[in-house]
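Hello,

Here is the structure I said I would pass on. My notes on its salt bridges follow below it.

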Amino acid sequence: MRLEIPDRVPIMCQLSVGHMILQLGVSPVEFWYDGVVFADGLIRLREIYDFDGILVSLHGHNPDWRRTIRNREKTADGEIVTLHNGQRMIYPANDLPRPESFSAPRIDLATLQDADLPSALDYIPVSQGLRFSINPKTRFDIFQRIRQKTGLEFSLHGEVTSPFDYFLDFLGHEQGLVSLIESPDKSKWLLSHFARLVSQLASEMCDAGIDAIKISSPFARAGFISPKMYREFVLPYEAEIVHAIRRKNVHAYLHTCGAISDRLELMFESGVSGIECLDPPPLGNVELEEAKIRLRGRGFIMGN
C-alpha cells in the first residue's frame with residue numbers, strides 16, 4: 001500500500017455475504033447480527049483462502065440483537081425474521097438480507113433543515129432498504145477481537161460508506177439522482193453533512209488498530225453519474241474522508257465496482273492510496289494492462 005516492492009504478491013478480496021454463508025455453513029441471521037459469529041467467520045474465511053488480510057465490512061454489532069427479533073421462521077432457502085417494529089426481513093442462505101417489502105423514502109429536500117438530519121451515524125446503508133445498525137457501545141469491538149485472535153500477521157481493514165451512498169439512501173435512489181440535477185446546491189448541503197459524519201466515524205475507526213479503510217462507493221460509477229457529476233458530487237466529499245483517514249497515518253482506498261475506466265485518474269484526485277475493483281468486461285470496462293500503465297505511481301490497485 002506504500003508502493004514499495006512486497007516480498008510476495010498479496011492476495012485478498014471481499015467475498016460476497018452469500019458466498020461467506022455458504023462456505024461457513026452458518027445461520028444467515030446469526031452471521032448478519034452476531035459480532036462473534038461474523039468475526040470468527042471472517043477469520044475462518046481468511047484461513048480457507050489463505051488471504052493476506054481481512055476486510056471487516058460490518059461493525060458495531062449489537063450484543064443483544066436477539067431482543068430485537070420477535071420471530072424467526074426457517075424456510076427452504078434461509079430464514080424469515082419479524083422484528084419488534086413489525087418489519088419482516090428475508091435472510092437467504094446465499095445472498096444479502098432484504099426487506100420483504102420496501103418503499104422508497106418520501107422526503108422534500110427543499111424543506112429539509114439541519115435539525116432534520118442525523119447528528120451521528122448509527123447505521124450503514126448496505127443496499128436499498130437494508131441498513132445495518134451501529135451499536136454506539138460496541139462500534140469497533142470487532143477489530144479488537146480479530147486482532148486478539150490473529151495478531152499482527154495479517155492486514156486488517158475497516159470500511160466506511162461514501163457520503164453519496166448515504167445521500168441516495170436518505171432520499172431514495174430515484175429522488176437522490178434527480179435532485180443532483182434539479183437541486184444541486186441543496187444536494188451539496190446534504191452531501192457535506194454526511195461527509196462530516198463519515199469523516200468523524202472513519203477518524204475514530206483509525207484508532208482501532210487497523211491498517212487501512214475501504215470507502216465503499218458503488219454508485220459512483222458510469223451508468224449512474226458522468227465524470228463531470230462525479231467531480232462535482234462525489235470527489236470533494238470522499239476527499240474529505242480520505243484526508244481524515246490519512247491524517248491518522250492509515251491507508252484509504254476507494255471501492256467503486258462496474259464501469260470506471262472514464263474516471264480512473266479522477267478517483268486518485270481524492271488522495272487515496274489505492275482503488276478497487278477495476279472490473280473487466282462484461283462486469284465493467286477496465287483492462288488491467290491498460291490500467292497499470294495509466295495509473296503507474298499514483299497508488300495501488302486491487303481487483304480485476
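Which residue forms a salt bridge with Arg46? The partner is Asp50, and the closest N and O atoms of the pair are 3.9 Å apart. A salt bridge here is a side-chain nitrogen of Lys or Arg within 4 Å of a carboxyl oxygen of Asp or Glu.

Before the rest, a note on the source. This is a predicted model, in which local features need pLDDT of at least 70 and side-chain atom pairs count only at pLDDT 80 or more, while totals for chains, interfaces and linings use all residues. Residues are numbered from 1 along each chain as its sequence is written, and side-chain values use heavy atoms, with hydrogens and water left out.

Arg46 is buried, at 10% relative accessible area, whereas Asp50 is exposed, at 54%. Buried means under 20% relative accessible area, exposed over 50%, and partly exposed in between (1.4 Å probe, protein chains only).

The search of the whole structure gives 19 salt bridges. One of them pairs Glu30 with Arg72, with 3.8 Å between the closest N and O atoms. This pair links distant parts of the chain: Glu30 lies in helix α2 (residues 28-33) and Arg72 in strand β2 (residues 69-75), 42 residues apart. Helices (H or I, at least four residues) and strands (E, at least two) are DSSP runs, numbered from the N terminus. Glu30 is partly exposed at 26%, and Arg72 is partly exposed at 34%.

Arg72 also forms a salt bridge with Glu79, where the closest N and O atoms are 3.0 Å apart. Through shared partners, salt bridges join Glu30, Arg72 and Glu79 into one network. Glu79 is buried, with 7% relative accessibility.

Regards
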